[in-house]
Each structure stands twice: as C-alpha cells, then as structure tokens.
Amino acid sequence: MEAALSSPPEWLERMVLLAIPPAARESVAGDLWETYQNPAQYAAEALRTVPFVVVSQMRRNLNPPTLMLQGALIFICLGGPATLLLMPALMLRDAYRAQGRPCPRRAIREAILLSSAAMVLLFFFMSIHPPFPVRGGVDPFTWLSLFLAALFLSPFLCLFRAGLIMQGDRRNPMAASALSREALARAYESFLRGSFCRNVLEGVALAFAAVSGFFFAWNLLLVGLFVLAAVYLLLDTVSGAGMAQDFVSLRAQYQRELARQEQLRRFLRWLWFAPVLVALHARLAGAPSGDSLVVLLNCVAVAILCFLVAALNREHGGRVQEQIGHLDRLRESF
Amino acid sequence: MDSLGQFEQIVLTAILALEHNAYGVTIHAKVEELSRPRKAARGAVYATLDRMEDKGLISSWLSEPTKERGGRSRRHYRIEKSGEKALRESARTAQRLVETIAQNLGGLAWKPR
C-alpha cells in the first residue's frame, strides 16, 4: 500500500479514536490513517466503519451468563424499566472495555467518588430532617457515627483498590518480546494446569455453597445457579483440544483460552456476591415504610458491593487483556 | 463444523490470496475486487474478521508500528487449518453449483462470468 500523503487533523483523529473501542483502536485507526485522502473522506469512512466495529466488539465481549445475572439483579432491585435502560448501557460498556488494568489514579478516584457520594447522601438525609431527626428513633449520636463511618469508607475503598493494584503488579508472567514455540507451549500448559485446578476448587466450593444455601433457605433460583455453575466447572475439560503445532496457531489458541477463562471468572465473581445483594434487597423490601435510615444504609451497602465486584473484574480482566495484547506482539524466536 | 457464509468465503479467500500481506486495508481492497460489482463496507470486513477469529478459522497478530499509519501497528491475519478446511468445503459446494447450473441453463457452453 502507498504511504499516506498527509495526515488527518488532530482534533478529528482524536474524535475518531474516542469512538473506536480500545480493542480495535490500534489497527482500525491505523487503517483509516493509511487510506486518508482528505478530512471529509476520513470522517465519512470513520462514520461508516466505527458502528460495525462497536457492534462487533459488543458481540465479542458479550458474556451472556454475566449479563443475565446482572439483568436479573437489576430487575429484582430496580424493576423492568431500569433493566431495559441499563442492559444496552452494560453491553456498550463491555464493548469499550479497556485493554489493560485501570491506571492507579483513576482507580483511587473512583473509590473516593463512591465514598463521597455516600457522604452526600447522608448530608441530604440530614438536611431533610433538621437539625437531627427524632422521628424514627435516630438520635444525633447515630448520625455522627454514620458520618464517621462514611468518612472512613474512603480510605477503606482506596486501600482495597491499592491492594488489588499491588497484587496485579506482582504478577507479571510474560515479559519477553520473543519466545520459542516450545517456551510458549510451556507457558500455555502451565496456564491450563492453573485454570484446571482453580476450576475444580471453585466448582467444589460452589457445590458446597449451593448445599448450604438450600438449608439456609436461599432463593431457589440462586441455589439452582450455583449448582449449574458448579456442574459446568467440574465438567469443563480445559485441555479438550490438542495443542497447535505452529507458533501463530498456538498463540491464537492461548489468547482464546485466556479470554474464555476470564469470561468465566467475571461471571463467577458476580455469582459469589449475588446472595449478599439478594439478601440486602430482601431487607430493603422488608423495611418498614418511613424507616429511611435502613433504606439508606442498604443502598450504600449495595453500591459498595457492586464497587468491589466491578473493581475485582476490572483489575483481573485488565490483566488478562494486557496478557492478550502482549501475546499479540510476541515474536517467535528460534 | 459450521458452514461458511458467502461474505466469510470472500474474506477467507482474500486472506488466502494475500498470503503474508493480509491486513485490514489490503483485505478490504481484495474483498471489493472479489465481490465486484458490489461494494463492501470496511466495517463489515472487520466484523467478519473478528467473527472468524473467534471461531478459530483465522488468527491475527500485530506488526511493528509504521510511520505511514501514524505510528500504529497493522493487524495481520492468517488462515488456520480449520479455515482452510471450511474454505475447501465451500469451494466443493460452489463447484457442484456451477456444474448443476451449467447442466440446466446452458449446457456445456455456459460458463460463469
């Protein structure tokens, strides 16, 4: 292909880059640049191309079990209209999933934002019951305790995020820019072994949780989900297909398996937290009318739980995306 | 094994024909050439490439960044064994179609244009 004679205007390119999902940004933006003729042609080509790329990334990153579980949780907690509104938003968010772990500054900012929102909620409730509510039996001491709890929430969430970031930094399994086919096969085999052990252990734990849940009168749908997930994990033969013979095919196989295992883990992380979310919702539904404090505390608890699961998913998912990206650039050494 | 759609056959054939130079721009150009007179959207080519990669029919990797692409890499594609098998199967079906049409439409004189 001929080299491009000129380059697109910076502002236009920045807009196009923002619209392209991160997973396809490098190659699609490069292709658009390579065929650049003038700003109008560039913009028109981007407008024609980007929707296909977004839909394709939505399909690729779609995790039907996780989405169904999230949908069910939203439906139970917020109702049908909210589910209809939030499901496409969740799918779109998946299409624009970052190709790496979130930067520490952003991760900490999210934690501070969440705890600040909890504090604002508290202030809001305090302001609608001036000076301190006596109705509902809430005394000034309780409000002060709540305020202090919200104040300590920020460092706790920041520490949790920092812990995840540090754990991610410690694990850097593949740093070489070139590997032989044999070395890649060894790395893949070790990954398969690790996945197999983890799946068996988690399958047993899920089965145990399902049995306990049955005796503790959990929601039957939830018990069923735990049983299904346990059976799937225990039956899942990770190394079903043989190992590819050449470097390129083996790398593609490794990338597909990494993505598959990560999709599975994303679902399982939500599944483990689902009973707590359902229990919190049951408490919310059963709270006496006018007891705004219980409602407030439960809402804050749900928000924190969702933050914890999302943080775990972003950190672990980001690490897997980094690994897939690293494999993309890996050269074969002889 | 899933059978290939028509557009998938065209994209796979384009990758096969381009050998070591198969990436977004060249694949799109080849697809347009193969599917003449119809135009093919570049986005549709990307979507098909993604789908076939997920099925394990092709594999991809990133090249070194180049200046003519604003310092960005090319995503190169290569056909896999399963892709070759699927394409051969499609070619056999197409061959049978051509023969049947030739027998019924214009005898031995008929040739696909």
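**Reading helix packing, burial and a chain contact**

Modeller: The crossing of α4(A) and α5(A) is right-handed; a crossing counts as right-handed if the near helix is turned clockwise from the far one by less than a right angle, and left-handed if anticlockwise. Helices here are DSSP runs of H or I with at least four residues, strands are E runs with at least two, and both are numbered from the N terminus. The model is predicted, with local features needing pLDDT of at least 70 and side-chain atom pairs 80 or more, while totals for chains, interfaces and linings use all residues. Residues are numbered from 1 along each chain as its sequence is written, with chains lettered from A and ligands numbered from 1 in the order written.

Biologist: At what angle do α4(A) and α5(A) pack, and how far apart are their axes?

Modeller: Two packed helices are described by the angle between their axes and the distance between the axes. Helix α4 (residues 64-78) of chain A meets helix α5 (residues 80-95) of chain A at an angle of about 150°, and the axes are 8 Å apart. Axes are lines fitted to C-alpha atoms over the stretch in contact, and angles run from 0 to 180 degrees between N-to-C directions. The two helices are therefore roughly antiparallel (over 145 degrees; under 35 is roughly parallel, 65 to 115 roughly perpendicular, the rest oblique).

Biologist: Which residues make the contact of α4(A) with α5(A)?

Modeller: From α4(A) come A:Leu67, A:Gln70, A:Gly71, A:Ile74, A:Phe75 and A:Leu78, and from α5(A) A:Gly80, A:Ala82, A:Thr83, A:Leu86, A:Met87 and A:Leu90. Contact means C-beta atoms, placed from the backbone, within 7 Å. By class this contact has 8 nonpolar, 4 polar and no charged residues. Ala, Val, Leu, Ile, Met, Phe, Trp, Tyr, Cys and Pro are nonpolar, Asp, Glu, Lys and Arg charged, and the others, Gly among them, polar.

Biologist: Are α1(A) and α3(A) parallel or antiparallel?

Modeller: Helix α1 (residues 10-19) of chain A packs against α3(A) at about 5°, with axes 11 Å apart. That makes the pair roughly parallel. A:Leu12, A:Val16 and A:Ala19 of α1(A) meet A:Pro39, A:Tyr42, A:Ala43, A:Ala46 and A:Val50 of α3(A). The classes here are 8 nonpolar, no polar and no charged residues.

Biologist: Is A:Ala44 buried or exposed?

Modeller: A:Ala44 lies in helix α3 (residues 39-61) of chain A. A:Ala44 is exposed because 11 other C-beta atoms lie within 10 Å; 12 or fewer is exposed, 20 or more buried, and in between partly exposed, with C-beta atoms placed from the backbone. Its C-alpha is 54 Å from that of A:Ala209, which is 165 residues away along the chain.

Biologist: Which residues of α8(A) are buried?

Modeller: They are A:Leu184, A:Tyr188, A:Asn199, A:Leu206, A:Ala209, A:Ala210 and A:Gly213. Helix α8 (residues 181-215) of chain A has 35 residues and reaches 51 Å from its first C-alpha to its last, close to the 51 Å expected at 1.5 Å a residue; the expected span is 1.5 Å times one less than the number of residues. After α8(A) comes A:Ala217, with a positive phi near 55°.

Biologist: How many residues does each chain give to the contact between them?

Modeller: Chain B gives 24 residues and chain A 30. On chain B, α2 (24-34), α3 (42-54), β1 (58-62) and β2 (75-79) each supply at least two residues. The most, 7 residues, come from α3(B). The chain B side has 7 nonpolar, 7 polar and 10 charged residues.

Biologist: What pattern does chain B follow along the sequence?

Modeller: The pattern is α-α-α-β-β-α, with 4 helices and 2 strands. Of the 113 residues in chain B, 37% are buried.

Key:
Two residues are in contact if their C-beta atoms, placed from the backbone, lie within 7 Å.
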